[in-house]
Amino acid sequence: MKERTGQSGAHAVLAPLGVVGSSAGAMAEDAGTAAADSGASEETLSALRQRNAELTELLTQSEEYRLEAERLQGLLGLKETYAIEGVSGRVIGRSTDAWNQTVTIDVGSAEGVETGLTVVGPSGVVGQVIAVQPGSATVRLLSDPQSGAAAIIQSSRAEGIVRGSLSGQLTLQNLEADAEAKVGDVVLTSGLGGSYVKGLLIGTIVRIEGSAGDGSRTIYVSPNESAGALEEVMVVFDATGVDVTPRQSSSASSSASSSASADAGARSEGTAGGTEGEDRG
Amino acid sequence: MARPGLIVTVVGAVVAVLLQAILAPFMVIGAAMPNFILAFVIANAVARPTGGIVAPFVLGLLYDLMGNGPVGAMALVCVVLSFVCSRLLMMLNNDTLFIPIVLIVAGTLLGNVIYGILVIACGMDVSVTEALVGRVLPCGLYDAVLALVMFPLLARLGALDGAPLKME
């Protein structure tokens, strides 16, 4: 039905009044609510406060579960990426002396954990099991000064040893003097010596002091896994799917985690053609 | 009947061990982690110089067994420093707080220095400078503060046992 001109004009005039009316209605409703609230008994207020406390606790718990789920998802992702066979555990203790960087986890010999096994976190290598009890195990972190992991630079395939220090800083040592290394390069375990499972992510090169050919060159590696925030880890029994890291171009400066994902993709497609034979386990 | 001083030592030792096992890993400040056991041993040796070296040895051994360092290193440090600090206090005590404070600060720092030397001698691959700057000094200062906090309490309780140093 077509609206007439007079009606249209009346609507145009009355429209602002409608807005005023609705605002007034809302204000009246708010005032009613406020009046009701002011008349609420102490019992109602106590119940609301208690409910509020419960909801806050529930929210905190939910957030904790969400964060834990994220971490476990990362661990699961790493397990799938590297086809890891292992057992996961929680960190239940940390070193009680300043000179050693170790953590205690809640899985031990009862779960098949043995001394010397590699331990990984949600985004990379954490350390190595150094002592085992039936229900727990002690893990020496990679950042400990007594740790040493045979490592390889992903892009140049240069081999060296990643060592920890008292400050927790990782350095790549024993690299050939003319080996190519640059900031942003991804460092992986090489598996040489058998102390660490091959092909797991250690971190990225963040600083280089000196240049190629310089015997005193120091290469600093930023660990992909922060030991301070470590809560869940996985003890690696076997990683059959490792060593699939295709040789990357020198321009590759993607993050370590994305690199690991790329490795997983390459593995699933069976495109490891760029990988040198000597690197195969 | 057990002497009050012995009870103070035993209770204090138990508390120190519990603090070291439970709280110390979470009380890290920069590079320094507290050593409640060393702090207690030094403070107790100065507050109760006649306390003997059995408790320091047991406490040091417990520290070694709880951690991952060379077993016996902290036991040796605790025994030696407890003995030296208590004998020095007996020789130098002039009923002022100056000597106890100097002995506590020097003892905790020296304890960390000796422990660091032992750790490096047992195979830890770190430079002396890194060990000194990165661990010995910060940990020594942290332990000195802890020992200075423990000392008045132990001295007051130790005075019940007829200790040479009485806190009035």
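How many residues of chain A are in contact with chain B, and how many of chain B with chain A? Keep in mind as you click around that this is a predicted model. Select both chains and look at where they meet: 14 residues of chain A are in contact with 20 residues of chain B. On the chain A side, eight of the residues touching chain B are polar, four are nonpolar and two are charged.

**Stop 1: inside chain B**

Now select Ala39(B), Val41(B), Ile42(B), Ala43(B), Val46(B), Ala147(B) and Phe151(B). These have the most contacts inside the largest nonpolar core, which has 47 residues. Color the helices of chain B and you'll find that α1 (4–23), α2 (36–47), α3 (54–66), α4 (73–92), α5 (98–121) and α6 (128–158) each supply at least two residues of that core. The top contributor is α6(B), with twelve residues.

Zoom in on Ala147(B). Leaving aside residues up to four places away in sequence, Ala147(B) touches Ala39(B), Ile42(B), Ala43(B), Ile104(B) and Thr108(B). Apart from this core lies another one, of 45 residues; to find it, pick Val107(A), Val139(A), Leu201(A) and Val235(A), which are among its members.

**Stop 2: a glycine in chain A**

Next, select Gly89(A), in strand β1 (residues 84–94) of chain A. Is it buried or exposed? Gly89(A) counts as buried because it has 21 C-beta neighbours inside 10 Å. Show its surroundings: beyond residues up to four places away in sequence, Gly89(A) touches Ile105(A), Asp106(A), Val107(A), Val233(A) and Val235(A).

**Stop 3: the barrel**

Stay in chain A and trace β6-β7-β8-β11-β10-β9, a closed barrel of six strands with antiparallel pairing. From one strand to the next, the twist averages 40°. For a closer look, take β7 (residues 159–163) and β8 (residues 170–173) of chain A, an antiparallel pair joined over three bridges. Here Arg163(A) stands opposite Thr171(A) in β8(A).

**Stop 4: two loops**

Most residues other than glycine have a negative phi. Select Arg157(A), in the loop between β6 (148–153) and β7 of chain A: its phi is positive, near 60°. Arg157(A) has 16 C-beta neighbours inside 10 Å, so it counts as partly exposed.

Finish at Asn174(A), in the loop between β8 and β9 (186–189) of chain A. Asn174(A) is not a glycine, but its phi is positive, about 60°. With 12 other C-beta atoms within 10 Å, Asn174(A) is exposed.

Methods. Residues are numbered from 1 along each chain as its sequence is written. Chains are lettered from A and ligands numbered from 1 in the order in which they are written. This is a predicted model: local features need pLDDT of at least 70, side-chain atom pairs count only at pLDDT 80 or more; totals for chains, interfaces and linings use all residues. Two residues are in contact if their C-beta atoms, placed from the backbone, lie within 7 Å. Ala, Val, Leu, Ile, Met, Phe, Trp, Tyr, Cys and Pro count as nonpolar, Asp, Glu, Lys and Arg as charged, and the others, Gly among them, as polar. A nonpolar core is a set of buried Ala, Val, Leu, Ile, Met, Phe, Trp, Tyr and Cys residues joined through C-beta atoms within 7 Å. A residue is buried if 20 or more other C-beta atoms lie within 10 Å of its own, exposed if 12 or fewer, and partly exposed in between; C-beta atoms are placed from the backbone. Helices (H or I, at least four residues) and strands (E, at least two) are DSSP runs, numbered from the N terminus. Two strands pair if DSSP finds at least two bridges between them. Axes are lines fitted to C-alpha atoms, for helices over the stretch in contact, and angles run from 0 to 180 degrees between N-to-C directions.
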